[in-house]
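Colleague: Could you show me the model, please? I would like to go through it with you.

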Amino acid sequence: MSELVTGEAVALELRPAKLPSRGLAVLLDLAAAVTVYILVTLGLVAATASLDEAARTAVSIATFVLVLVGGPILVETLTHGRSLGKLACGLRVVRDDGGPIRFRHALVRGLLGVIEILMTFGVVACVASLVSARGRRLGDVFAGTLVVRERVPAGGQGGFVPPPPPWLAGRFSGLDLSAVPDGLWLAVRQYLTRMRQLDPQVGWSMAERLASDVAGRTGAPVPPGVPPAMYLAAVLQERQAREAQRMFGGGGAPVAPAPSGAGGPVLAPPAGPAAVPPAAPPVVPPVAPLVPPAGSEAAGNAGPSGGASAERPATGFVPPA
């Protein structure tokens, strides 16, 4: 799968941030953190004036760790990779597969950032970013993250992931997607965004290969009659629904509606038995009960209310004479 994750594909969907914009974002974040640290320190100096020297030193160290180390970690976790400096520069920290980061990603980035940025004045981070092909520092490499640009010119529908057809919605809700690596998810997403630009035969072979890899990781084969591109779109939507449910909570896994107007074309169902809806059961008209003719014995057994008598219930048939 490594040949599908190329630099060209990454540039189409995930545009890595350059060193100048990342450096400016880090400077803005440091300025905000230092300002908060100075204000908190001034308040603590007045509040701990009665303590001894050792207690004041412990409070100063704790303040430094909480504000300059824990503060950026907390901000990146709550904003999903958008700190104050990155928001001003139009940047965002994402996972290698393009998804939002979580606490463990922000924790690794923050702890290594102390060494890369604070202790070495950013020299190690700059060298690592210049050496990396995608401008990642050591914190990004160990955390499995990437700083990308969000403010990019609108380039048509190059980054649009087509949704699966409605008849596949919720069909793969029982799949175990935990064994699928992030690199394979990135390859699936990049293929879906570019499949309309590929040759039909090449795109079909790539879809079959990706669907086979995803099915091998999940342990469930591709359902018969489902084209590989539709299978990939449905499985990717299921993963995004689970990520949204894990991040924001809520009931069952939501299903993203098909876009109308601005979105790209929706994948059409294939022509075959898989696309034919089940036939409705035939409607049987109600049958009216048979009424015995007037003057017969069954009619004579009927009571004044039209029902059969208790001695001999009416059967609807006239006995022979």
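Colleague: Which helix gives the most to the lining of the largest pocket?

Modeller: Helix α2 does, with 11 residues. Helices here are DSSP runs (H or I, at least four residues), numbered from the N terminus. A pocket is an open set of points on a 1 Å grid over the protein atoms alone, where a 1.4 Å probe fits, with protein on both sides within 12 Å along at least five of seven lines; lining residues have an atom within 4 Å of a point.

Colleague: What kind of model is this?

Modeller: It is a predicted model: local features need pLDDT of at least 70, side-chain atom pairs count only at pLDDT 80 or more, and totals for chains, interfaces and linings use all residues. Residues are numbered from 1 along each chain as its sequence is written, and side-chain values use heavy atoms, leaving out hydrogens and water.

Colleague: What volume does the largest pocket have, and which residues are closest to its centre?

Modeller: The volume is about 770 Å³, taken as the space filled by probe spheres set on the grid points, which are joined across faces, edges and corners. Of the 36 lining residues, V26, D29, L30, K86 and I117 are the closest to the centre.

Colleague: Changing topic, at what angle do α3 and α5 cross?

Modeller: The axes of α3 (residues 53–79) and α5 (residues 103–119) cross at roughly 140° and come within 9 Å. Axes are lines fitted to C-alpha atoms, for helices over the stretch in contact, and angles run from 0 to 180 degrees between N-to-C directions.

Definitions and conventions: Helix = DSSP H or I, 4+ residues; strand = E, 2+ residues; numbered from the N terminus.
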